[in-house]
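Subject: Structure handover

Hello,

Please find the structure below, followed by notes on what was found in it.

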Amino acid sequence: MTTCDKIIVVAVTGASGSLYGVRLIAALLRQDVRVMAILSHAAEQVLSHEMGYDPGMGFHDFLTAYGLDPEIRKKLTVFSQDEIAAAPASGSFCHHGMVVAPCSMKTLAAAAAGYADNLITRACDVTLKEKRCLILVPRETPLSLIHLENMARLARAGAVILPAVPSFYSFPGTIDDLVDTVVARIMDQLGVEHSLLARWGA
Ligand SMILES: Cc1cc2nc3c(=O)[nH]c(=O)nc-3n(C[C@H](O)[C@H](O)[C@H](O)COP(=O)(O)O)c2cc1C
């Protein structure tokens, strides 16, 4: 196992925008970060639909096909949502932050209710109770009062609500550039260096 400065848990759920999760994981692995990724069942379906992911191939090989150096992949551990006994399910496992990107309204609701029925929702629950950094990247529109109240509840509990809302002032030229305007803000919240986006005023 490679020695890294930070361990970050990244859950990918079944909201549209799998690319947010994929580019975040790739960006973290390119830095000195060890990533524990958790894919929900719905995330696998949306990844297949949006990015041609083949569950039979596995996420590691998918990332290689996406262009990630196979050497860096060694810093990545991948879990399914069913692996409820995996490390991120316990508060005794120390990590430096958890991100759910993209975050479905279902996982958001479960996290807001403390309903820890799979590894993703359990890891959210644990991250909150241990007062560690939890960043949720919700993707839905329009938002119902239920969605908004769930977000407010999570914010009060200490989570960062960082919606998948790209910005345009850096003139992103491609979809990857547009997605990176959000990934950059997630990396900032995690305190991980990056050069994904020119800083305003720099
Ligand atoms: C193609 C596709 C796109 C979806 N987009 C969204 C979305 O943007 N936001 C959302 O909350 N749910 C979306 N869903 C529905 C979720 O996948 C569904 O609620 C699922 O139960 C979420 O489960 P999970 O949170 O365990 O991944 C989408 C489903 C599909 C098939």
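In which helix is Ser18 found? Ser18 is found in helix 1. Before going on, note that this is a predicted model, in which local features need pLDDT of at least 70 and side-chain atom pairs count only at pLDDT 80 or more, while totals for chains, interfaces and linings use all residues. Residues are numbered from 1 along each chain as its sequence is written.

Ser18 is buried, with 25 other C-beta atoms within 10 Å. A residue is called buried if 20 or more other C-beta atoms lie within 10 Å of its own, exposed if 12 or fewer do, and partly exposed in between, with C-beta atoms placed from the backbone. Setting aside neighbours within four places in sequence, Ser18 is in contact with Val12, Ala43, Val46, Leu47, Glu50 and Met51. Contact means that the C-beta atoms of two residues, placed from the backbone, lie within 7 Å. Ser18 and Ala101 are 83 residues apart along the chain, but their C-alpha atoms are separated by 7.6 Å.

The whole chain

The chain has seven helices and six strands. These are DSSP runs numbered from the N terminus: helices are H or I with at least four residues, and strands are E with at least two. Read from the N terminus, the order of elements is β-α-β-α-α-β-β-α-α-β-α-β-α. The radius of gyration is 16 Å, close to the 17 Å that the globule rule gives for 202 residues, so the chain is as compact as a globular protein of that length. That radius is taken over C-alpha atoms, and the rule is 2.2 Å times the number of residues to the power 0.38. Along the principal axes, the C-alpha atoms fill a box of roughly 40 × 35 × 35 Å. Of the 202 residues, 43% count as buried. Among contacts with a separation of 6 or more, 76% are between residues 24 or more positions apart.

The sheet

Strands of a sheet pair through backbone hydrogen bonds, either parallel or antiparallel. Here six strands form an open sheet in the order 3-2-1-4-5-6, with parallel pairing. Strand 3 and strand 6 (160–161) stand at the edges with a single partner strand each, so one side of each has no neighbour in the sheet. Two strands are said to pair if DSSP finds at least two bridges between them.

Strand 4 covers residues 98–103, and six of its six residues are buried, so this strand is largely enclosed by the rest of the structure. Met98, Val100 and Pro102 point one way from strand 4, and Val99, Ala101 and Cys103 point the other way. Strand 4 pairs in the parallel sense with strand 1 (residues 6–12) over three bridges, and Val99 is the bridge partner of Val10. Four bridges join strand 4 to strand 5 (residues 134–138), also in parallel. Met98 has Leu134 as its bridge partner in strand 5, and Cys103 stands opposite Pro138.

Leu134 is itself buried, with 24 other C-beta atoms within 10 Å. Beyond its neighbours within four places in sequence, Leu134 is in contact with Met98, Cys124, Thr127, Leu128, Ala159 and Val160.

Helix 5 (residues 119–129) is mostly covered, with nine of its 11 residues buried. Its buried residues pack against strand 1, strand 2 (33–39), strand 3 (76–80), strand 4, helix 4 and strand 5. Just after helix 5, Lys131 takes a positive phi of about 60°.

The largest nonpolar core has 60 residues, and Val10 and Val137 have the most contacts inside it. Helix 1 (residues 18–30) gives the largest share of this core, eight residues. Such a core is a set of buried Ala, Val, Leu, Ile, Met, Phe, Trp, Tyr and Cys residues joined through C-beta atoms within 7 Å. Not counting residues up to four places away in sequence, Val10 touches Gly21, Leu24, Ile25, Val35, Ala37, Val99 and Ala101.

The ligand

Which residues come nearest to the ligand? Of the 16 residues around the ligand, they are Thr13, Gly14, Ala15, Ser40 and Ala42. A residue counts as near if its C-beta atom, placed from the backbone, lies within 6 Å. Helix 2 (41–51) and helix 4 (105–113) each give two or more residues to this shell, and helix 2 gives the largest share, five residues.

Regards
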